[in-house]
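Hi,

Here is the structure I promised to send over. Have a look at it first, and then read on for my notes.

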Amino acid sequence: MIAKIGKPGHKTRGVLNYLFGPGRANEHTDPHLVASWDGFAPDPGRDPDATLAQLATALDLRVKQAGHKAPKSHVWHCSIRAAPEDRHLTDDEWATIARRILNATGIALAGDPDACRWIAVRHADDHIHIVATKVRGDLRPPRNWNDFLRADKELVAIEKEYGLRQVPRGDRTAAKRPTRAEQEKARRTGNARTSREHLRTIVRTAVSAATTTEELFRIVEGTGALVDVQYFPSGDVRGYKVALAGDTNAQGDPVWFSGSTLAPDLSYPKITERLTANEAMPAERSGAPAWRRFTVAVDRIPDHLAENEDEAGQAHIAALAEALDALPLIAPAAVRPQLVQAATVFERAARSRIRAHQQQQVQATRRAVKAILREPAPKDGALLATVLDALLLAVIAAQYWHRTRNHPQQAEAARQAADHLRAAYRVTAAERLVVLRQHGTRLAESLRRRQEFTLRRALPELAEQILAEPCWSALAATLARAEAAGHSAASLLTEAAARRETDTAASVSEVLTWRLHRLADLTAVTTSGASAPQPAAYRPTTTATSQQRPTR
């Protein structure tokens with residue numbers, strides 16, 4: 001169940017007109033009271049002699065009595081909605097739920113004769129509206145501070161007691177949702193997303209690419225969005241706001257959004273903190289190509305998340321979110337929509353109540369993200385498939401990390417992002433796997449037998465399953481290339497299997513094929529023809545990951 005408490009209003013009759021009316025799209029059916037403060041309130045929905053004016057007068061009685069002492073915005077309005085899959089509750093059940101919410105929020109404590117006057121209206125099967133006037137019988141206002149959190153806590157208990165779906169609760173770190181007015185404007189203008197959501201994507205993507213705040217603003221402006229940078233009298237930047245070109249209000253002015261209203265981590269102080277930390281950390285001395293550094297950095301994230309350092313883990317997940325934000329900029333058009341969706345939903349997983357602690361490894365990931373945007377996009381499907389496979393494992397590890405820390409919304413966001421990454425991976429890997437399988441079928445019989453022997457020796461428990469899979473020939477070809485590059489095929493197989501929980505994979509041989517590409521850097525062999533560098537210097541440890549065992 002979800003509670004939504006609106007801003008206090010000042011027109012009781014106006015709220016009643018909506019609740020007992022047809023609705024914005026004639027969606028209201030059989031509006032009627034299920035409960036009221038004394039059980040005898042006039043019900044215009046069921047009693048032909050009762051009127052909305054009578055009901056409004058009864059609700060406003062104490063407001064009139066309080067006179068100038070009454071709050072100007074005296075109408076408290078709360079809707080309670082059940083999940084779509086929940087059973088239909090009876091009027092009596094909804095009445096009980098309404099009383100429990102009023103008691104929990106302090107609007108009408110149980111047994112208090114001076115509690116605020118209230119009604120509960122039902123005009124649909126799946127939800128009710130509670131309306132109260134915020135003047136008690138002793139003409140004082142109720143103590144309903146923090147009412148949303150208190151209502152939400154009561155709904156958790158109600159869900160368990162009534163056998164309803166237990167909705168994942170947030171920790172108040174989610175980005176602000178679009179308002180109803182913003183959603184309706186998007187529908188009127190034929191846009192799939194609201195301006196707030198569109199701008200959030202633009203700024204998040206720009207942050208992943210920029211190295212300075214000046215470059216950030218240039219990138220945002222380059223998308224066609226408007227940027228207004230605000231300054232202190234000293235000349236220092238105070239903040240910024242953005243707007244979509246052509247998105248105006250009734251006066252014809254741009255509809256501006258400050259960074260903090262797009263998302264908590266898009267405020268100017270948060271962005272500068274991130275970019276400054278990246279500049280302050282010493283750069284790693286590596287002659288490896290940017291895509292290699294990027295893949296290695298992502299490949300290490302599950303190991304970092306398996307360590308018991310929550311602040312560092314949160315920072316690695318935030319860096320992973322930046323990697324997902326950046327990838328659609330350079331990905332092929334065929335997979336770009338899925339990657340955009342993955343980045344959009346994973347945005348919720350990037351924040352929690354745990355404060356991120358910046359580390360050198362985190363900044364190395366961020367630098368690698370920015371570096372790949374400044375190099376040619378990969379034309380080889382094997383390289384992109386390898387990157388997507390690494391990202392998928394990291395996102396699954398983030399899902400596990402959030403789930404073990406009781407972050408249900410973030411864990412669900414990571415799960416959805418993993419689904420989109422799988423879809424993008426399947427499209428990317430399909431063509432390259434066909435080529436690898438063809439190479440495998442053309443291997444000399446003696447070489448095929450040697451790879452089979454290597455497989456049985458390294459992974460005796462999985463060997464029969466792998467040999468029966470269609471992708472075994474692709475794995476055999478990969479093992480042969482790894483040996484030709486100077487690696488031990490058995491050692492690579494052992495490490496690859498230890499890094500992955502293979503019993504949940506749809507194709508173990510396919511999983512191991514791309515894992516070996518990363519461990520042995522076989523994409524470098526494919527694209528340049530040069531010998532693959534030895535992986536010992538970057539190869540991540542397996543102990544922590546085998547404890548975590550994320551599923552693919």
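To start with a question: is Gln314 buried or exposed? Please keep in mind that this is a predicted model. Gln314 is buried, because its relative accessible area is 2%, and a residue counts as buried under 20%. You will find Gln314 in helix α12, which covers residues 310-326. Setting aside neighbours within four places in sequence, Gln314 has contacts that include Ala349, Ala350, Arg351 and Ser352. Trp401 and His402 are also among the residues in contact with Gln314.

Next, strand β4 (residues 118-122). Five of its five residues are buried, so β4 is largely enclosed by the rest of the structure. Both faces of β4 are covered, with Trp118, Ala120 and Arg122 buried on one side and Ile119 and Val121 buried on the other. β4 has antiparallel pairing with strand β2 (residues 32-36) through four bridges, and Ser36 sits opposite Ile119. β4 also pairs with strand β5 (residues 127-133), again antiparallel and over four bridges. Here Trp118 is opposite Ala132 of β5. β4 and β5 make a hairpin, with four residues between the two strands.

There is also an open sheet of three strands, in the order β6-β7-β8 and with antiparallel pairing. Its edge strands are β6 (226-231) and β8 (257-258), each of which pairs on one side only. Strand β7 (residues 237-243) is joined to β8 by two bridges, and Lys241 has Ser258 in β8 as its bridge partner. Helix α7 (residues 195-209) lies across β7 and β8, and runs at about 125° to β7.

Another helix for your list is α21 (residues 508-520). α21 has 13 residues and spans 18 Å from its first C-alpha to its last, close to the 18 Å expected at 1.5 Å a residue. α21 is mostly covered, with 13 of its 13 residues buried. After α21 comes Asp521, which has a positive phi, near 55°.

Finally, the cysteines. How many disulfides does the structure hold? The answer is zero. Cys116 counts as buried because its relative accessibility is 1%. Cys471 likewise counts as buried, at 7% relative accessibility.

Definitions and conventions. Residues are numbered from 1 along each chain as its sequence is written. This is a predicted model: local features need pLDDT of at least 70, side-chain atom pairs count only at pLDDT 80 or more; totals for chains, interfaces and linings use all residues. Side-chain values use heavy atoms; hydrogens and water are left out. Buried means under 20% relative accessible area, exposed over 50%, partly exposed in between (1.4 Å probe, protein chains only). Contact means heavy atoms within 4.5 Å. The expected span of a helix is 1.5 Å times one less than its number of residues. Two strands pair if DSSP finds at least two bridges between them. Axes are lines fitted to C-alpha atoms, for helices over the stretch in contact, and angles run from 0 to 180 degrees between N-to-C directions. A disulfide is a pair of cysteine sulfur atoms within 2.5 Å.
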